[in-house]
Amino acid sequence: MSPLLLAGSCRTAEVPDGARALERVKWQVAQGPRIPGTPGHTAVRGWIASELTRLGGRIERQAFVDTVAGRAWPLENIIGRFGPASGRRIALFAHFDTRPWADEDPDSSKHDQPVPGANDGGSGVAVLLEVAELMHARAPDVGVDLVFLDGEDFGHSTQPDHYSRGSRGYASRLPPTGDAARPVAGFLFDMVGDADLGIWDEANSAARATNLVELVHEASRATAARHFHPEARHIVIDDHIPLLEAGLPTVDIIDFDYPAWHTVADTPDKISAASLAEVSRVAAWLVYRSALAKR
Ligand SMILES: [Zn+2]
């Protein structure tokens, strides 16, 4: 290999691969629903841990049993730590579980069927693993925790506290403020693969993590992410809420204009490699180029 080629491969180290991310979405959906206690959930959880290990992450598993809707659910968050073990840390979050019931499906006979979770579950996982690929190629200067949350999607609108159970478990285990192991900022990626991508500011994030929302604006400008819109549109209950309540500023990066949301049509044909690549570039900018990324 010539020095010129070597230089070229270094320059491209931070370029995410949208096709690879899309393959990871398809692979997750092919395992079946990722409902805690099911084979698909076990398979995807094990795969996330082995991918993180292969890519050089230091793994922590947070296993606990939570009771939701009168049932005990075995949950397990998986954390992959990258970059320096000391100094400032930031965290990127995605949930890997999928919703047990497709209660927004236009066909009410399907409301008891599980959601395939290509976008709602699969896409965020694929983006975080794409960041892991980049960090495997070049370690970031800042500590980065990739946090794969379990148990996000049990809730109903009448019982909002049934949502984000994995995030609550993570928040309750956060080291105290000032502890070096505690991240100072969080970026949540949820439903970020829609081929018809449109990411608007989420209102809870804009109100409670204003600086981070502005950082995402900066990231989208810097990476020419033309499907990011710096204006609030939706207010969403998601995994960032327990984190905000625990004092960890976190922005929810979410495309909530997704017709297949919580339906049996949330399948990989709705997802594009281009959208996954665009969001992964924003995530990579946060990890490598933002003010938080400097030591
Ligand atoms: Zn959902």
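These legends accompany several close-up views of a predicted model. Residues are numbered from 1 along each chain as its sequence is written, and side-chain values use heavy atoms, with hydrogens and water left out. Because the model is predicted, local features need pLDDT of at least 70 and side-chain atom pairs count only at pLDDT 80 or more, while totals for chains, interfaces and linings use all residues.

View 1. Welcome to the metal site, where Asp120 (OD), Asp153 (OD) and His262 (NE2) are the protein donors of the zinc ion, lying 1.9 to 2.1 Å from it. Donors here are N, O and S atoms within 2.8 Å of the metal (3.2 Å for Na, K and Ca); water is not among the atoms, so sites may look incomplete. Along the sequence, the donor residues follow the spacing D-x32-D-x108-H. The two aspartates link distant parts of the chain, 33 residues apart: Asp120 sits in helix H4 (residues 118-137), and Asp153 in the loop between strand E4 (143-149) and helix H5 (165-172). Helices (H or I, at least four residues) and strands (E, at least two) are DSSP runs, numbered from the N terminus. Both Asp120 and Asp153 are buried, a word that stands for under 20% relative accessible area, with exposed meaning over 50% and partly exposed in between (1.4 Å probe, protein chains only).

View 2. His262 returns here for its backbone: phi is near 55°, a positive value in a residue other than glycine. This residue lies in the loop between strand E8 (250-254) and H9, and His262 is buried, with a relative accessible area of 2%. Ala224 also has a positive phi, of about 55°, although it is not a glycine. Look for Ala224 in the loop between helix H7 (210-222) and strand E7 (228-234). With a relative accessibility of 60%, Ala224 counts as exposed.

**View 3. Helix H2 against helix H9.** Two packed helices are described by the angle between their axes and the distance between the axes. For H2 (residues 18-30) and H9 (residues 273-288), the angle is about 110° and the axes are 8 Å apart. Axes are lines fitted to C-alpha atoms, for helices over the stretch in contact, and angles run from 0 to 180 degrees between N-to-C directions. H2 and H9 are therefore roughly perpendicular to each other; angles under 35 degrees count as roughly parallel, over 145 as roughly antiparallel, 65 to 115 as roughly perpendicular and the rest as oblique. On the H2 side the contact involves Gly18, Ala19, Ala21, Leu22 and Val25, and on the H9 side Ala273, Leu276 and Ala277. Contact means heavy atoms within 4.5 Å. By class, the residues of this contact of H2 with H9 are seven nonpolar, one polar and no charged. Ala, Val, Leu, Ile, Met, Phe, Trp, Tyr, Cys and Pro count as nonpolar, Asp, Glu, Lys and Arg as charged, and the others, Gly among them, as polar.

View 4. H2 and H4 pack at about 135°, and their axes are 8 Å apart. That angle makes H2 oblique to H4. H2 contributes Arg20, Ala21, Arg24, Val25, Gln28 and Val29 to the contact, and H4 contributes residues including Ala118, Gly122, Ser123, Ala126 and Glu130. The contact of H2 with H4 counts seven nonpolar, four polar and four charged residues. Val25, in helix H2, is buried with a relative accessible area of 0%. Beyond its neighbours within four places in sequence, Val25 is in contact with Ala118, Gly122, Ser123, Ala126, Ile271 and Leu276.

View 5. The axes of H7 and H9 are 9 Å apart, at an angle of about 115°. That makes H7 roughly perpendicular to H9. In this packing, Leu215, Glu218, Ala219, Ser220 and Ala222 of H7 meet Val282, Trp285 and Leu286 of H9. The residues of the contact of H7 with H9 comprise six nonpolar, one polar and one charged. Trp285, found in helix H9, counts as buried at 11% relative accessibility. Leaving out residues up to four places away in sequence, Trp285 touches Leu215, Glu218, Ala219, Ala222, Thr223 and Ser290.
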